[in-house]
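Subject: Handover of a structure and the findings in it

Dear colleague,

Please find the structure below, followed by an account of what was found in it. Kindly read the account with the structure open beside the text.

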Amino acid sequence: MNHSYLSAIIAILAIMTSPLRAQFGEPKTQAELFPEYTSVIPGQTFSVAVELTHDDHWHSYFINDGLGTSIIPSAEWKLPDGWTASELLFSAPHEFAFSGAKVYGYEGTNYFFTEITAPKSANVGDKVEFTFDSSWQVCDDSSCLPPNSQEFTFSLTIADTAVRNAEYTKVDDYRLQSFPTKDLPKDWKISASETTDGITLSIEGKLPEDLEFFEYDKQIDVQATRSVTHDGDKHTFSATRNMGNRLGGKPGPKQTNLRGILYTASDVEGSKNHAFWIDVSFNGSAEGAATPAANSENVEPEEGELGVVVILGSLLLGGLILNLMPCVFPVIGLKIMGFVQQAGEDKKKIKLHGIAFTTGVLASFLILAAILYPLKATTTLGAQLQEPWVVFVLLVVMLLLALSMAGLFEIGAMATSVGGNLAHKDGISGSFFSGVLAVVIATPCSAPFLGPAIGAAWKFDGPLFFLSLLMMGVGLALPYITLSFFPALVNKLPRPGAWMESFKQGMSFLLFATVGYLVWVYNGQVGEEGQKGLAIMLGITSIATAGWIYGRWDTPAKANGTRIKAKILALLFLAGGAVLAMPPAPEDPELAAAESAVADLSWEKWSPRRVEELLAEGTPVYIDFTAKWCLTCQTNKASAYTAEVRQYMFDKGVVTLKADMTKKYPEATKAIHNLNRSAIPVNVLYVPGDSTPYVTRELLTPDYFSDFLKTRLEK
């Protein structure tokens, strides 16, 4: 593969997407700790609040962010033996816009709480120390920073009398305004109901109309329209159930209760609070004193007799649907009329032809089952996907089938000539082989159904495995056997027409979904390192282009010269795409070892201590602050580290360290701040005896990088 060509493409993409570089500027939040007490008694429960102050136009997120994709604030406690901590507790958020979406979160100054309980066996007079790690993500109106993290430590004393922290007073004011109380006014009546796609919350009580309900467990679709209506003292919230969203959020859980925070900025009769914790069973009453807990988990029902019947019925239906494909449907009426012509007026012979045809169909599916069944004993379904070449070939085949079904070119018509001589034989044997041919013709159209059919059958053993695939054959043969017994029904069949092509094209999207899944699997096998991931996508695009050229210009309506050129061009695009996307060849172990020993870079994990150790030994150090999602970083890897540069660094004894910031890495973030940089890539060279860190420019080229190294290392 031409690495310079690929590097040029990546460089162009890097320039086009330069605003998308990860920003690591100064933190946009300041965090401070406020324990509720400085001394506690044995068995006491108290609060610990983390104050988070956001810079203007920046926000963090509620436990239900409204998207399902954000990083939610969290706290991981290291507690002494016997002490317990609640999950992180959230206050009432605000709703605002983020990149055109609706989100729940916090701006300005807000608090997050944890309830700590001392053991009753705690010894009076002991001083106890607590540590916890807190992390959160902040975003502005259109972009987000990597997560912040901070370690907090505090101590308190076990005493006979609890002593409150005087600084906690301002937290008390906040709690009255925003933290949900479980003490609801006694005259409130709360109920909730649900349908397949909707959720309703009703509250009867003396409440102001500026009410907001922030649901806790992501059962409600925040992106969909929500409403609140007021009828006297009855207030009703209506919302759509969360079935996932276009922004990447997953469907919400289906629970037996509805939980969340009811908030109003106005005063509430009978309470000093403005936020109230709601926990109500669907079609039941409120449970105001309930404590936030983990989401309920959906339990899959066991596969029983009903499940087997449903699977077999689905396979039968899938076989029937195959008859609607353009490569199958027009043949049905013609084949039955052929039976009639061969048998004359003898109805028994017509039926025999139908039975023979059906037998050919079923025999083909039994042969398929017989081929697959031995594999069950040696492998699990999908184990073949561990081999990159298998995934690659399957990916290309599925892509070409999908393009064919979408109408770019025809495969089904090619299969009609396969076994034609056998199928055109007169008599019962000809009808049998016609059944076999029907399965062959249907194969190009069957991929969206045959794959799931085999997947469903794979869980069965013995006769059930064969029966499950046989049911699909029954579905395919059912119209033929029915019409051979009742040939007059041929006149009742819908006329072939444009509707069949539309149906086939609609089915192509099932195959495109399969292609997407295989791309994901394949990229995980060969595309995660280096630039292979981009090569895969370019190769797939080239293969699809080949299909388009073939279908557009290699048709009977075109001149022979045009068709020959189309074939050549299609083959070139197909071959070029295959070369770009195919799995890399295994390395020669001896050649790889020799190259690694002389001209390759051996990256160690970066740490400040390792840098100090190497410099103290008189060793030059080169550090790459990088991340997999940083496109400019990947450009540098593809272009700057040529064999000549690697050899030079090896000869000069340069040790290379990598700080991988793909995931949050506070120590590395601090280091690039110290280098007066706010975004990666950051590449820096340290030379022994010289305290100056030499930082490269962001986009590296071979000539620039070579000159950069030689200028600093040959002083």
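A residue is called buried if its relative accessible area is under 20%, exposed if over 50%, and partly exposed in between (1.4 Å probe, protein chains only). Helices (H or I, at least four residues) and strands (E, at least two) are DSSP runs, numbered from the N terminus. This is a predicted model, in which local features need pLDDT of at least 70 and side-chain atom pairs count only at pLDDT 80 or more, while totals for chains, interfaces and linings use all residues. Residues are numbered from 1 along each chain as its sequence is written, and side-chain values use heavy atoms, with hydrogens and water left out.

In helix H12 (residues 560-581), the buried residues are Ala566, Ala570, Gly577, Leu580 and Ala581. These residues lie on the same side of H12, because they cover an arc of only 95° around the axis (the arc is that of the directions from the helix axis to the C-beta atoms). The face turned away from that side carries exposed residues, namely Asn560, Ile564, Lys565, Leu571, Leu572 and Val579. The expected span of a helix is 1.5 Å times one less than its number of residues.

Helix H9 (residues 463-485) has 23 residues and would span 33 Å if straight, but its end C-alpha atoms span only 29 Å. Where does H9 bend? The bend, of about 45°, is at Ala477, and Pro479 follows within four residues. A bend at a residue is the angle between axes fitted to the seven residues ending there and the seven starting there.

Aromatic pairs

Rings of Phe, Tyr and Trp (its six-membered ring) pair if their centres lie within 6.5 Å; planes under 30 degrees apart count as stacked, over 60 as edge-to-face and the rest as tilted. The whole structure holds 31 aromatic pairs. One of them joins Tyr104 and Phe214, whose ring centres are 5.0 Å apart with planes at 85°, so the pair is edge-to-face. Tyr104 belongs to strand S8 (residues 101-106) and Phe214 to strand S15 (residues 211-215), so the pair ties together parts that are 110 residues apart in sequence. Tyr104 is buried at 3% relative accessibility, and Phe214 is buried at 1%.

Tyr622 and Tyr641 also form an edge-to-face pair, with 6.3 Å from centre to centre and 85° between the planes. Tyr622 is in strand S21 (residues 621-626), whereas Tyr641 is in the loop between helix H15 (631-639) and helix H16 (643-651). Both tyrosines, Tyr622 and Tyr641, are buried.

The sheet around S21

Two strands pair if DSSP finds at least two bridges between them. Strands of a sheet pair through backbone hydrogen bonds, either parallel or antiparallel. Here, five strands make an open sheet with mixed pairing, in the order S20-S22-S21-S23-S24. Its edge strands, S20 (603-605) and S24 (694-695), each pair on one side only. S21 runs parallel to strand S22 (residues 655-660), and six bridges join them. In this pairing, Tyr622 stands opposite Thr656 in S22.

Charges over rings

A charge sits over a ring if NZ of Lys or CZ of Arg is within 6 Å of the ring centre and within 35 degrees of the ring normal. The charged end of Arg175 lies over the ring of Phe113, 4.7 Å from its centre. Lys710 is placed over the face of Tyr648, at 5.8 Å from the ring centre.

Yours sincerely
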